[in-house]
Amino acid sequence: MADSLRRLVNSSSFSLLQQKLESWYKDYHVISCDQNLNRCCELVELTSKIQGQLFTILSQTAREGGHYAGVDTLKSRLLPWLGTCFTMASSSVSPDTSLNLIQDSVEKDRKIRELSASHENEKQKIETELCSTRFELGSVKQDLFDAQLALDDTKNKSATTLLATEDEILQLRAELRSAQDQVELYKRKLDMFDDYDRQVRMLRDEVSILTAEKTVLQDRLVRSRSPSPLPHRCRASSTLRSESPTRAQLTNSARHARLVSRFSDLYATERLEAQSLLRRYIDDLETVQRIIFIAAVESFQAAKLAFRQFKLRVRKTLAPSHLGPDTLEDAVMDYIVRNLDLYDVQTSVNDVINSMNVNPRISFPAEVDFVLISSFIRETCRIAFAMQTLDPPLDLAFSTDGELYNDIKYRRSYDSEFTAPLVVYHVWPSLMEDDTVIVKGEAVTRRGALWRNRSRSTSPVRSRSGSPTRTLVSFYDD
């Protein structure tokens, strides 16, 4: 009975009956009368098939219930309905139609059995795959458990290693702090040593000055004790007073040595610091070296101009009140030596930077702000200003690009062509005392330097006027 009921449900006969009824209702007024009768007959046949299946199910259900089960239901519901509303036409189905129905039923039963067998096969396959999947899942779980154990073991080892590493880090930090403290201590000691060295140099200068004064005083004492007539003694004493050296004359040699040494340090230290600072913004080493060389030359020019102006102001100030055996020029120079800190170096630095900003070799267009090397320019100006107080003063040698290389004034740089006779550009100027070279400069020599300089001189950008500072110097010299 259950199989018959399942087949009835799967066939969806009532849904098909409902669809046919709806389709007939929609087309009832469109189709002809014969077509309406055919559709009605079709629905009656389908209804009779459904009723036949239901009666089959009814009879099977009744047989399964036994002889007396369901008797009351049949009497109370089926028999009255059959007597009033149902009439069966025994001869309405022909033998051919009945045979076709039986064949259809047998074919459907065969298909149902085939579908059931295929379903069972698929079910077995799925169960087999499920078993294999469960087995694989069990192996994966076991691998996961082993990996978890290994991970826990690694975590324990890592925790132990981490503790040891933290202890080492703390120890290294403590050692680093102690090393930094020692470095700070050494720095303080080094600063103290520098201060001591500076004090020693100052004391040596003072000792040399005092020694020179002592020598002069001893000479004066010896001369004063020599026997001579009174007029001649007075004349001799006045002559000694007029020939007594000033502080500038006494310290000239010491200041000369110190300034020459400071000029060498300027080349070895401050120049390299300025070069490394400019190389952060300019990739071309030649341009950087040109900038530093021009800064040094312009610093000397500005310092010489400032010295002349300062000397004029001091002369005007001391001239009305000057009395004594020393000349006014000696008094002026002695005052300048004693008051070098009155030099307005910042004005010279500004003049140098302005001159460099209009220099056609480095400033059209300017690749960097020259304020970056203001500390180098300031120190060069101070050294140049102090060199003007010497007798004779120190100055830089005249130099120009494309000149013939002079081994007395310059030494070649490491990247020069040592067989080239002409100077391409200068790295550092040479220091001169009158016509004698005190400190050699540095120059770069390469072949074709004369042609390069001529091409630069014929360029329209290079034909601009010179530095205003140099113009003022030449005007003042005239």
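A residue is called buried when its relative accessible area is under 20%, exposed when it is over 50%, and partly exposed in between (1.4 Å probe, protein chains only). The model is predicted, so local features need pLDDT of at least 70 and side-chain atom pairs count only at pLDDT 80 or more, whereas totals for chains, interfaces and linings use all residues. Residues are numbered from 1 along each chain as its sequence is written, and side-chain values use heavy atoms, with hydrogens and water left out.

**Exercise 1. Aromatic pairs**

Classify the ring pair of Phe 263 and Phe 300, and state whether each residue is buried or exposed.

Solution. Step 1: rings of Phe, Tyr and Trp (its six-membered ring) pair if their centres lie within 6.5 Å; planes under 30 degrees apart are stacked, over 60 edge-to-face, and the rest tilted. By this rule there are seven aromatic pairs.
Step 1: the ring centres of Phe 263 and Phe 300 are 6.2 Å apart and the planes stand at 85°, so this pair is edge-to-face.
Step 2: Phe 263 belongs to helix H8 (residues 252–279) and Phe 300 to helix H9 (residues 285–318), so the pair ties together parts 37 residues apart in sequence. Helices (H or I, at least four residues) and strands (E, at least two) are DSSP runs numbered from the N terminus.
Step 3: both Phe 263 and Phe 300 are buried.
Step 4: Phe 263 and Phe 300 also belong to one aromatic cluster, together with Tyr 267, Phe 376 and Trp 428.

**Exercise 2. A second pair**

Determine how the rings of Tyr 343 and Phe 385 are arranged, and which parts of the chain they tie together.

Solution. Step 1: the centres of Tyr 343 and Phe 385 are 4.0 Å apart with 5° between the planes, and the pair is stacked.
Step 1: Tyr 343 lies in the loop between helix H10 (328–338) and helix H11 (345–357), while Phe 385 is in helix H12 (residues 374–387), so parts 42 residues apart in sequence are tied together.
Step 2: Tyr 343 is buried, with a relative accessible area of 11%. Phe 385 also counts as buried, at 2% relative accessibility.

**Exercise 3. The largest cavity**

Describe the lining of the largest cavity.

Solution. Step 1: on a 1 Å grid over the protein atoms alone, a cavity is a set of points where a 1.4 Å probe fits but cannot get out, and lining residues have an atom within 4 Å of a point.
Step 1: the lining consists of Arg 290, Phe 293, Ile 294, Arg 361, Asp 401, Tyr 425 and His 426. Helix H9 gives the most, with three residues.
Step 2: the lining divides into three nonpolar, one polar and three charged residues. Here Ala, Val, Leu, Ile, Met, Phe, Trp, Tyr, Cys and Pro are nonpolar, Asp, Glu, Lys and Arg charged, and the others, Gly among them, polar.

**Exercise 4. A hairpin**

Solution. Step 1: two strands pair if DSSP finds at least two bridges between them.
Step 1: Met 432 stands opposite Val 437 in S5.
Step 2: S4 and S5 form a hairpin with two residues between them, and Asp 434 in the turn has a positive phi of about 60°.

Notes
1 Å grid on protein atoms, 1.4 Å probe; cavity = no way out; pocket = protein on both sides within 12 Å on 5 of 7 lines; lining within 4 Å.
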